[in-house]
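Here is a short briefing on a protein model. Keep the sequence and the 3D view open as you read.

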Amino acid sequence: MAEASYPEELLYHADHDWARVDGEVATFGITWFAQDALGEVVFFDPPEVGTSVTAGEFYAEVESVKAVSDVIAPLSGEIVEVNTGLADTPEAINEAPYDGGWMIKVKLSDPGEADGLLDRDTYVGGLQ
Amino acid sequence: MTSRTLKRTSLFGCHRDAGARLVAFAGWEMPVQYADGVGAEHLAVRGAAGIFDVSHMGEVEVSGPGAEAFLQRLHSNDVTRMSIGSAQYSLLCDEHGGVLDDLFTYRLAPDRYLTVTNASNHDADVAWLRAHADGFDVEITDAIDSYAMLAVQGPIARELVQAIADGPLPARMTAAKGIVVGREALICGTGYTGEDGVELLVDPDDAPALWEEIVRRGAVPAGLAARDTLRLEACFHLYGNDLSTERGPIEAGLGWACKEDTDFIGSAAVRAMREAGPAEKLVPFKLTGPGIARAGNLVAGGGEVTSGTHSPSLGIGIGLAYLPAARATEGERFEIDVRGKAREGVVVRKPIYTKETDG
C-alpha cells in the first residue's frame, strides 16, 4: 500500500512488528514502516507450527530483492498457525501488511506481556 | 548516512522528483529504486526500455603517441585489435594476476582512449595508471567530473534514442560522437543488462535535459537494485563481489579477455593459472527450491556465493558462485548454507535468463 497506515486496534513493538491480540491468541506481522523499508518482499520463510517464539527474538526471515531481514516476535508463545499463502504471494506483506500479510498466530504463554507493547500513537511517535 | 559527505550526480534533482529512494553507494548518493520498485523497473528493461543514471562510474582518458603501447601493458585484452570507434572489455591486473578492476575502453582517435571504471575503484585505477606510466609518452586525465553517463537499455531502447539522435546509432561494441536532443554525446553500443541499448556519455550539465526527454518518450527510470538483478540474470561480473585481487581472471571465467602474449602486467600469473587450471571456477546457478542465496553464503564441500539475488524474470533465487573446478559443470547440484538452512543450487549455462531460452 502506498500510504502509511497504522491501525489503532493493534499493539506495536519498536522493531516494527505488530500484534493483534484476541483472547489468548495473537496474530503477528510487520508494520507499514517495516515493509516500506524492505522494499518488495519476494520470499517469506515461515517457522513451523508447534514451535515456540519469544518476545524480542526473531522467528522468521523475510527477503526483499536486495536483503534479508529478521522478523521479531512482539510476544511469547507457541505457534498455532502460519500464513501459508505467503509462499505464493509474499507481496501481500507489502500490499496488506495488517491483513493478507499476517505471518503467524501464537497461543500466548504470558498474555501480560502485552502491557509492555506500544500503542499506535507511541509507536508512530517513535518513527518521527 | 550523512548525505553531505556523499557526491551527487547532475541528475540528483531528477531522481528526487521521480520519487527515488536514495542510498550511499561507493561514495555517491544514488537511486536504488524509484516509486514503482525494482520488480517493475527490471521488467520494463526486459520488455521495453529503462534508463539508468550511471554517472558515478569513472572515466579516464589516455592520449598521446604512447597511448596504445601503454594500455597494452596495463590492460589484459589486446588493445592493438581496437579499431577507431570500437569498444573493448578488459581487466586491470596486479603483478600477481589479481583483478584490480574490470573496464570498458573506447578508442576515440588513433592516439586517444576513454576508459570507464567502477566507482569504487576509480581513484585507485587512476593512481595505478599514473604509477606505471614511466617510459610511455602518454597523458593520463582523470575525466570523472567531465562526464555524466546514462544507460538506456531494453528491446526498444535503440529505437527510442534513435528518434532523438542526429544520425545512425553506433552498432553494438562500438562508439561514436553524435548529437542527442541537441547535445553532444559519446554514444556507446554497450550496457550491463543483457539487453540491447546504448550508453550516453555527456556533459553533466546536459544530462538532465536528456534524461527528461528520454523518460518522456517512455523509458522507465531504473535504479541500482534493478541494475544488479539485470546484470546477474545476464551473468555480468560485479567488481567487489565476483572479482577481486584475491582471485584471477581465469577463475572468474574471464580468460577470453586476457591475451597473455601482449605481456600485460600480471600476464605471467594469468598464463600460469591458465596452464595449471584453477582450483575454483565461477559458475552461474539457480536454486532448485525456495529461498535466496546471498553473497558470502558458503557452499558445502568448498566454494562460496559471490552474488545472489531473487530473479524478477524467473521468480527464483539465482547467483554466481565459486565452486571447486571439478564441480563447476552444468547440471552439478550443490548445497549452500543460507543463514543456517541448506538450499540446493544447480549450475546452469550462462546467461541465467534470456528471452530466447526462457520465453
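**A strand pair to start with**

In chain A, strand 8 (residues 77-82) and strand 9 (residues 104-108) pair in the antiparallel sense over five bridges. Two strands pair if DSSP finds at least two bridges between them. Helices (H or I, at least four residues) and strands (E, at least two) are DSSP runs, numbered from the N terminus.

This is a predicted model: local features need pLDDT of at least 70, side-chain atom pairs count only at pLDDT 80 or more, and totals for chains, interfaces and linings use all residues. Residues are numbered from 1 along each chain as its sequence is written, while chains are lettered from A and ligands numbered from 1 in the order in which they are written.

**Chain A: sheet and overall form**

- Val82(A) has Ile104(A), in strand 9 of chain A, as its bridge partner.
- Six strands of chain A form an open sheet in the order 1-2-3-9-8-5, with antiparallel pairing.
- Strand 1 (11-13) and strand 5 (52-53) of chain A are the edge strands, and each pairs on one side only.
- Chain A has three helices and nine strands.
- From the N terminus on, the elements of chain A run β-β-β-α-β-β-β-β-β-α-β-α.
- The radius of gyration of chain A (taken over C-alpha atoms) is 13 Å, close to the 14 Å that the globule rule gives for 128 residues, so chain A is as compact as a globular protein of that length. That rule is 2.2 Å times the number of residues to the power 0.38.
- Along the principal axes, the C-alpha atoms of chain A fill a box of roughly 35 × 35 × 20 Å.
- Of the 128 residues of chain A, 41% count as buried. A residue is buried if 20 or more other C-beta atoms lie within 10 Å of its own, exposed if 12 or fewer, and partly exposed in between; C-beta atoms are placed from the backbone.

**Chain B: sheet and helix**

- Five strands of chain B form an open sheet in the order 5-6-7-4-8, and the pairing is antiparallel.
- Its edge strands are strand 5 (87-93) and strand 8 (139-142) of chain B.
- Strand 4 (residues 58-63) and strand 7 (residues 112-117) of chain B pair over six bridges.
- Val62(B) stands opposite Tyr113(B) in strand 7 of chain B.
- Helix 3 (residues 67-74) of chain B packs on the sheet, touching strand 4, strand 5, strand 6 (99-109) and strand 7 of chain B.

**Where the chains meet**

- 13 residues of chain B are in contact with ten residues of chain A. Two residues are in contact if their C-beta atoms, placed from the backbone, lie within 7 Å.
- Helix 2 (37-47), helix 7 (224-233) and strand 16 (304-311) of chain B each give two or more residues to the side that touches chain A.
- Helix 2 of chain B gives the most, with three residues.

- Arg227(B) lies in helix 7 of chain B.
- Is Arg227(B) buried or exposed? Arg227(B) counts as buried because it has 28 C-beta neighbours inside 10 Å.
- Leaving aside neighbours within four places in sequence, Arg227(B) is in contact with Phe52(B), Tyr192(B) and Ala222(B).
- The C-alpha atoms of Arg227(B) and Pro168(B) are separated by 26 Å, and these residues are 59 residues apart along the chain.

Definitions and conventions: Axes fitted to C-alpha atoms, helices over the stretch in contact; angles between N-to-C directions.
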